[in-house]
Amino acid sequence: MTESKQRPNSIWKFLGRLGPTYALFVVIGLFSILDYQYGSQSFFSARNARVIANSAALVAVPALGMTMIIIAGGIDLSAGTALTLCGTALAVAFRDHTVPIGQDEATFWIVCALAAGLGVGVVCGLINGLIIAMAEIVPFIVTLGTMTIFLGVGQVLASESTVYPEPDHLPDWLRHLCYTGSNSEYYWFDFLHVPSSALIAIVLGLAVAALMHFSVFGRNVVAVGSNPATARLCGIRVGMTTVAVYAFSGMFVAVGALLYFANVKNGNPSDGTGKELEIIAAVVLGGGSLSGGRGSVLGTIIGALIIKSISSGCTMLSIPNTYTHIIIGIIIIIAVLIDGLRSGKPKWLFDRMR
């Protein structure tokens, strides 16, 4: 009996750790075969790989902050609108408060614009964290409210329209940050045609992994997500940890907004609606537990790659976006079911039906 019980548990743990990686390989292999038979035969190409890597980076960077929040037992439904609020702030700053590249004061105003975008993201995270920690309100409710607040603030800032800064106000490095073409001079490394956005996501991922694994703060975040009451008894300041986690997340949202702005070259606060679902889905598909205490930086990045690989494959096969959303939704539900089954309760599904 003991061996028969341990065997299912080991299977769920295996799926939790390596399942996302194998799922990514399956998705890439499946769409490569389908595209070769019925599509344009360009899914498994270097150009499409760069496009997927860039698109995944736009999701993965804010999802790194969401990973910390979910490990801490929280959630942030405002991440999407906060991201486009930061992007709108950047667009307004580059439109109204910078000067054409080449003038002496251009560098100063560019730094100010970037600082403004970063500051907006951190402030959004602090607002969420302070309300959750001080009022002890469920994060779902708080961030549901701030989601609409950030959307409204963005619309006021943009005068309810899309903000288009002048191209000559943008530095070359920013305009080429999400470049996926074949011109090697627009990449950070001539010999390695990897989008700069993807390299930024990798560097930030390594930083978050180091923070979570080798710092006292990272261990405190895991403890708070696993059991807040026990963490408080151990001397961990749960409230301060929660505020710090949401502030860190706001910083990653701001960096994600910079990548988003570099990709589309404009700011539209309405584009943020629904982006939080992709961000949360990347964490869940990567093995993050919505009950807190567990998450993976590598898994989050792989989750973002899975989402964007599916989107790219469906586009190659001329599958409408509505069916793409259905496919991704089904995969997310399966990931949540696996999370429940690998939590040490193999009869989880059947217990819920009694």
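Trainee: Helices here are DSSP runs of H or I with at least four residues, and strands are runs of E with at least two, numbered from the N terminus. In what order do the elements of the protein run from the N terminus on?

Mentor: The order is α-α-α-α-α-α-α-α-α-α-α-α-α-α. The protein has 14 helices and 0 strands. Keep in mind that this is a predicted model, where local features need pLDDT of at least 70, side-chain atom pairs count only at pLDDT 80 or more, and totals for chains, interfaces and linings use all residues. Residues are numbered from 1 along each chain as its sequence is written, and side-chain values use heavy atoms, with hydrogens and water left out.

Trainee: Why is the protein called as compact as a globular protein of its length?

Mentor: Because its radius of gyration, 21 Å, is close to the 20 Å that the globule rule gives for 354 residues. The radius is taken over C-alpha atoms, and the rule is 2.2 Å times the number of residues to the power 0.38. Along the principal axes, the C-alpha atoms fill a box of roughly 75 × 55 × 35 Å.

Trainee: What share of the residues is buried?

Mentor: Buried residues are 46% of the 354. Buried means under 20% relative accessible area, exposed means over 50%, and partly exposed is in between, with a 1.4 Å probe and protein chains only.

Trainee: And how much accessible surface does the protein have?

Mentor: About 17,600 Å², with 66% of that belonging to carbon and sulfur atoms. The areas come from the Shrake-Rupley method with a 1.4 Å probe, and for residues only the protein chains shown count as cover.

Trainee: What part of the contacts comes from residues 24 or more positions apart?

Mentor: They account for 75% of the contacts with a separation of 6 or more. Contact means heavy atoms within 4.5 Å.

Trainee: Switching to helix packing. At what angle do α2 and α11 cross?

Mentor: Roughly 65°, and the axes of α2 (residues 46-71) and α11 (residues 275-285) come within 8 Å. Axes are lines fitted to C-alpha atoms, for helices over the stretch in contact, and angles run from 0 to 180 degrees between N-to-C directions.

Trainee: Which hand does the crossing of α2 and α11 have?

Mentor: The crossing is right-handed.

Trainee: Which residues make the contact?

Mentor: On α2, Val59, Pro62, Ala63, Met66, Thr67 and Ile70; on α11, Glu278, Ile279, Ile280, Ala282 and Val283. They divide into 9 nonpolar, 1 polar and 1 charged. Nonpolar covers Ala, Val, Leu, Ile, Met, Phe, Trp, Tyr, Cys and Pro, charged covers Asp, Glu, Lys and Arg, and the others, Gly among them, are polar.

Trainee: Next, Lys308: buried or exposed?

Mentor: Lys308 counts as buried, at 16% relative accessibility. This lysine is in helix α12 (residues 297-316).

Trainee: What does Lys308 touch?

Mentor: Ile52, Ser55, Ala56, Val59 and Glu278, not counting residues up to four places away in sequence. Val59 and Glu278 also belong to the α2 and α11 contact. Lys308 and Ile52 are 256 residues apart in sequence, with their C-alpha atoms 5.9 Å apart.

Trainee: Where is Tyr260?

Mentor: In helix α10 (residues 238-264). Tyr260 is buried at 7% relative accessibility. Leaving aside neighbours within four places in sequence, its contacts are Leu58, Leu83, Thr84, Asn266, Asn268, Asp271 and Lys275. The C-alpha atoms of Tyr260 and Ser55 are 9.3 Å apart, across 205 residues of chain.

Trainee: Where does Ser318 lie?

Mentor: In the loop between α12 and α13. Phi of Ser318 is near 60°, again a positive value in a residue other than glycine. Ser318 is exposed, at 63% relative accessibility.

Trainee: Last one: which residues is Thr324 in contact with?

Mentor: Ile310, Ser311, Cys314 and Ile319, leaving aside neighbours within four places in sequence. Thr324 is in helix α13 (residues 321-341) and is buried, with a relative accessible area of 5%.

Key: Left-handed = near helix turned anticlockwise from the far one by under 90°.
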